[in-house]
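Here are my notes on the model you sent over.

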Amino acid sequence: TTFLKPEQVARLKIESQVPDPDLGVKMLAALHKCLDTPGVDRAIVIGTDIPDMSVHVLEACSNMLQSHDIVMGPADDGGYYLLGLSARGCSATKQAGAAGLFRGVQWS
């Protein structure tokens, strides 16, 4: 298990969910809210059912978002355990919406 350092925890932002039954809508709303914060250029949401996720995975995602609009961590069941969005990706997904980004995804 890897624990975040205090300075890393201080940079985390926790958001409450929007009251929508669709998981894709909830995730995009959280990402958009974070990315609408001045000075924030990348945001990542992860599943709560993976408490042993390595901080290295989060760092790798953050690094990839410097040159990619969207980063997804695919789960074995066909879903995703991680979704990262850059500020550029935020603009694109605001236009396409959750239906455009998650077309064909069956949430479990």
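What follows is a set of numbered points, going from the overall layout to single residues.

1. First, a reminder that this is a predicted model. The chain has four helices and three strands, and along the sequence they come in the pattern α-α-β-α-β-β-α. Of the 108 residues, 27% are buried. If you count contacts with a separation of 6 or more, 48% of them are between residues 24 or more positions apart. The accessible surface is about 7300 Å², and carbon and sulfur atoms account for 54% of that.

2. On to the sheet. It's an open one, with three strands in the order S1-S3-S2 and antiparallel pairing. S1 (42–46) and S2 (70–74) are the edge strands; each has a single partner strand, so one side of each has no neighbour in the sheet. On average, neighbouring strands are turned by 10° against each other, ignoring direction.

3. Have a look at how S2 and S3 (residues 80–86) go together: they run antiparallel, joined by five bridges. Two pairs to find on screen are valine 71 opposite glycine 84 and proline 74 opposite tyrosine 80. The hairpin has five residues between these strands, and glycine 78 there takes a positive phi near 100°.

4. Which residues of S2 are on its covered face, and which on the uncovered one? Val71 and Gly73 are on the covered face, while Ile70, Met72 and Pro74 are on the uncovered one.

5. Staying with H2, its buried residues are Gly24, Met27, Leu28, Ala30, Leu31, His32, Cys34 and Leu35. When you read that list, keep in mind that an α-helix has 3.6 residues a turn, so residues three or four places apart point the same way.

6. How many salt bridges are there? The count comes to two. One is between aspartate 41 and arginine 42, with the closest N and O atoms 3.2 Å apart. Both ends are partly exposed: aspartate 41 has a relative accessible area of 42%, and arginine 42 is at 28%.

7. The other salt bridge joins arginine 88 to aspartate 69, with the closest N and O atoms 2.9 Å apart. Arginine 88 lies in helix H4 and aspartate 69 in the loop between helix H3 (55–64) and S2, so this pair ties together parts 19 residues apart in sequence. Arginine 88 is partly exposed at 43% relative accessible area, and aspartate 69 is also partly exposed, at 35%.

8. Last one: phenylalanine 102. You'll find phenylalanine 102 in the segment after helix H4 (87–101). Is this residue buried or exposed? With a relative accessible area of 6%, phenylalanine 102 is buried, because the cut-off for buried is under 20%. The C-alpha atom of phenylalanine 102 is separated by 9.9 Å from that of glycine 79, and the two residues are 23 apart along the chain.

Methods: Residues are numbered from 1 along each chain as its sequence is written. This is a predicted model: local features need pLDDT of at least 70, side-chain atom pairs count only at pLDDT 80 or more; totals for chains, interfaces and linings use all residues. Side-chain values use heavy atoms; hydrogens and water are left out. Two strands pair if DSSP finds at least two bridges between them. Axes are lines fitted to C-alpha atoms, for helices over the stretch in contact, and angles run from 0 to 180 degrees between N-to-C directions. Buried means under 20% relative accessible area, exposed over 50%, partly exposed in between (1.4 Å probe, protein chains only). A salt bridge is a side-chain nitrogen of Lys or Arg within 4 Å of a carboxyl oxygen of Asp or Glu. Contact means heavy atoms within 4.5 Å. Accessible areas come from the Shrake-Rupley method with a 1.4 Å probe; for residues, only the protein chains shown count as cover.
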